[in-house]
Amino acid sequence: MWKFLLPFAAFIALAVLFAFGLNPKRDIHALPSPLIGKAAPAIALTDVMDPDRPVTNSAFKGQVYIVNVWGTWCEACRQEHGALLEIAQQHEVPIIGLVYMDQRDKAKQWLETLGNPYTAVAFDTDNRTAINWGVYGAPETFLVDTQGRIIYKFISPMTPEVWQREFLPRIAAARRAGA
Amino acid sequence: MKLLVLLFGFALCVLTAALTHALDANGQLEDPVLQTRFERITKDLRCLVCQNESIADSNVELAGDLRRQVQEMLIAGKSDEAIFDFMTERYGDFVRFNPPLEPKTLLIWGAPFAVLVLGIGIIFRVVRRRSRMPLDDEPTPGSP
């Protein structure tokens, strides 16, 4: 009996492992962020549109807000831009942009031609803020709760579906918890 | 007051000198001990963009930023442990090629030994069963 069951069990175990590993929907580059549940690192930079205007996330303390990391070099950011504009129209939460590995005038031009979905857009001059947020690519979108904790990170271009499915329920829950 | 300003200025000069002198023309740390540590640490940190390269080997911008971070922390006198902690706090254990032994990573560290024990067990059983079998060249009773 064991002679048949054991190889069969081993086969099933391997099949399950491969099903996880080879799942085409799984993004092998998406890593879980150790910052989930931790305090959001400080953003203290200046605005892309105006180098004299400071952008800080402490200004949004007590609110649920999202931080969207992007750059003009990032093709997937162009892809998600329409979705972000749509989301901004809903006025659900403030959207802080964080421009990463980029040039200020390029980023400014991008927003002028494609439209600006951001409540404020911080320009990360030396990528230090992005490192503190554990950013390793773009686009990445973080959700911060009323306590100033990161509660969710989405790595990939934003879409209206992702917004509906992943963000809106979490925003509602964070507001309930914070109220 | 004047003396204070002078002292402050002097301290500032010494500090900037210390910082600029910490790197040589090739961007390497001047202190050879620090440079060896730098090389060892950056070899153990994964570049998260290319994922199978270390930040010592990778040309990606993020790797450059993280190398700069390691250099600065070494110059500031931080321990290896503090530097690895800084990285794992932000990027998770995945950033290390040599993850620490923890309940979470027990499977990674334990699997080779478990497989070794399993293999030895299988060999042991097979050998024991074979030793109980009759040898091929011995005539079996009853055959002509």
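Which residues are buried in helix α3 of chain A? Here are a few friendly notes on that and on some other points.

1. This is a predicted model, in which local features need pLDDT of at least 70, side-chain atom pairs count only at pLDDT 80 or more, and totals for chains, interfaces and linings use all residues. Residues are numbered from 1 along each chain as its sequence is written, with chains lettered from A and ligands numbered from 1 in the order in which they are written.

2. In α3 (residues 104-114) of chain A, the buried residues are A107(A), K108(A) and W110(A). Buried means 20 or more other C-beta atoms within 10 Å of the residue's own, exposed 12 or fewer, and partly exposed in between, with C-beta atoms placed from the backbone. Helices (H or I, at least four residues) and strands (E, at least two) are DSSP runs, numbered from the N terminus.

3. Seen down the axis of α3(A), the buried residues fall within an arc of 155°, so they line one face of the helix; the arc is that of the directions from the helix axis to the C-beta atoms. They pack against β4 (95-99) and β5 (120-123) of chain A, in contacts defined by C-beta atoms within 7 Å, placed from the backbone. D105(A), E112(A) and T113(A) are exposed on the other side.

4. Just after α3(A), G115(A) has a positive phi of about 100°.

5. K25(A) sits in the loop between α1 (2-21) and β1 (44-47) of chain A. K25(A) is exposed because 4 other C-beta atoms lie within 10 Å.

6. Chain B has five helices and zero strands, and 14% of its 144 residues count as buried.

Definitions and conventions
Two residues are in contact if their C-beta atoms, placed from the backbone, lie within 7 Å.
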